[in-house]
Amino acid sequence: MRSIALALPILWLAAHAHADEPDAGPPTIAAPTAPAPTPTAPTATPTPTPTVSAVDEDLPLRFRDMLRLEASRARASRYFNGTLSILGGGAVVGVGVYSLTIAEDSLTKDLSYLIIGSGGLSLLSAILGMFGQTPIERLYESYAPFAEDHKFSANQRLVEGEEALRVMAGSDASSRRIGGITNIVVGAVLGGFAIFFGVTSDFLARDRIVLGTLTGVSALVAIGSGVGQLWFQRGPAELALEHWESARGLKREAFTIAPMLTPVTQGAVGGVSLTF
């Protein structure tokens, strides 16, 4: 009985101590945390495959429009220069006819016939030139349908037109040089006639003044025209090519003068080289 009595107070104390402890409640479970994102290097955007853009497709049409403008300019210049050449040729023929009417010896008559013939050739050339198309006009008419032919790529259409224009520009340059040299030679010959008529002929003073002045003016015009053709003028195809290449950012050498020195036997020959 004593052991039971001792056990009861011990159980009471244990129960009382357990009742005095705070209630911890149900167990808590920590929520899982998401792992921090790992930084990745930026990926390069793939370069698209180059294709023919709308601007590139438009280049052949722009080239065609440029040819159309240059052909229109060449047509107006053809009419204007033809009119001036007809007037100049008519003036030369008039000088020849006038000198023939007052000629008293065979030499003067022969010179008069020569002047009339040269003026007649100038008239005929001017008339034919007025009604004949220039190369740039023919190029525009042949290229215009090809520029719109989409059976060929834009690059092929453009390259074909540019190559044709370069060939034509070279032909224009050659013709311009030949024409310039020819005009200078004709001007020198007319200058000789002017000296003959004005100084050494047996005509009356009034006739010498008229013939010498008219022939001298014709000589100056011919020489000036030749100099202009050689160094300052450009043919229609040359102008078209210069304008097109300038529009595309290509540089061209317009006119250069370079010194030149060539050794020869017992010395050297110096001069200048002209590029135009």
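Reply: A residue is called buried when its relative accessible area is under 20%, exposed when it is over 50%, and partly exposed in between, with a 1.4 Å probe and protein chains only. By that scale L84 counts as partly exposed, because its relative accessible area is 45%. L84 belongs to helix α2, which covers residues 54-102, and this helix is the part followed here. The model is a predicted one, where local features need pLDDT of at least 70 and side-chain atom pairs count only at pLDDT 80 or more, while totals for chains, interfaces and linings use all residues. Numbering starts from 1 along each chain as its sequence is written, and side-chain values use heavy atoms, with hydrogens and water left out.

First, the setting. The protein chain has 7 helices and 2 strands, in the order α-α-α-α-α-α-α-β-β along the sequence. Helices (H or I, at least four residues) and strands (E, at least two) are DSSP runs, numbered from the N terminus. Of the 276 residues in the chain, 26% are buried. A contact here means heavy atoms within 4.5 Å. Among contacts with a separation of 6 or more, 70% join residues 24 or more positions apart.

L84, together with F80 and L87, makes a nonpolar surface patch of about 340 Å². Patches are made of residues with over 30% relative accessible area and no salt bridge; like charges are joined within 9 Å, and nonpolar side chains (Val, Leu, Ile, Met, Phe, Trp, Tyr) within 5 Å. For the whole chain, the accessible surface comes to about 18,700 Å², with 66% of it belonging to carbon and sulfur atoms. These areas come from the Shrake-Rupley method with a 1.4 Å probe, and for residues only the protein chains shown count as cover.

Next, the charged pairs. Side chains of opposite charge can pair when their charged atoms come close. A salt bridge is a side-chain nitrogen of Lys or Arg within 4 Å of a carboxyl oxygen of Asp or Glu. The structure holds 9 of them. In one, E137 pairs with R75, with 3.2 Å between the closest N and O atoms. This pair links distant parts of the chain, since R75 is in helix α2 and E137 in helix α4 (residues 135-147), 62 residues apart. E137 is buried, at a relative accessible area of 1%, whereas R75 is partly exposed at 32%.

Another salt bridge joins D65 and R64, whose closest N and O atoms are 3.0 Å apart. D65 is partly exposed, at 27%, and R64 is buried, at 15%. A further salt bridge, E238 with R176, has an N to O distance of 3.0 Å. E238 is in helix α7 (residues 236-247) and R176 in helix α5 (residues 154-200), again 62 residues apart. Both of these residues are buried. Through shared partners, salt bridges also join R64, D65 and E148 into one network.

Then the inner side. A nonpolar core is a set of buried Ala, Val, Leu, Ile, Met, Phe, Trp, Tyr and Cys residues joined through side-chain atoms within 4.5 Å. The largest one has 17 residues, and those with the most contacts inside it are F63, M66, L67, I136 and L165. Helices α2, α4, α5 and α7 each supply at least two residues of this core. The largest share, 5 residues, comes from α2. Leaving aside neighbours within four places in sequence, F63 is in contact with Y143, L158, G161, E162, L165 and W244. Another core lies apart from this one; it has 11 residues, including V92, I115, F196 and F203.

Last, confidence. The predictor's confidence in each residue is pLDDT, from 0 to 100. Its mean over the chain is 74, and 70% of the residues reach 70 or more. Among the elements, α4 has the highest mean (89) and helix α1 (residues 2-20) the lowest (45). Where pLDDT is low, the predicted coordinates should not be read in detail.
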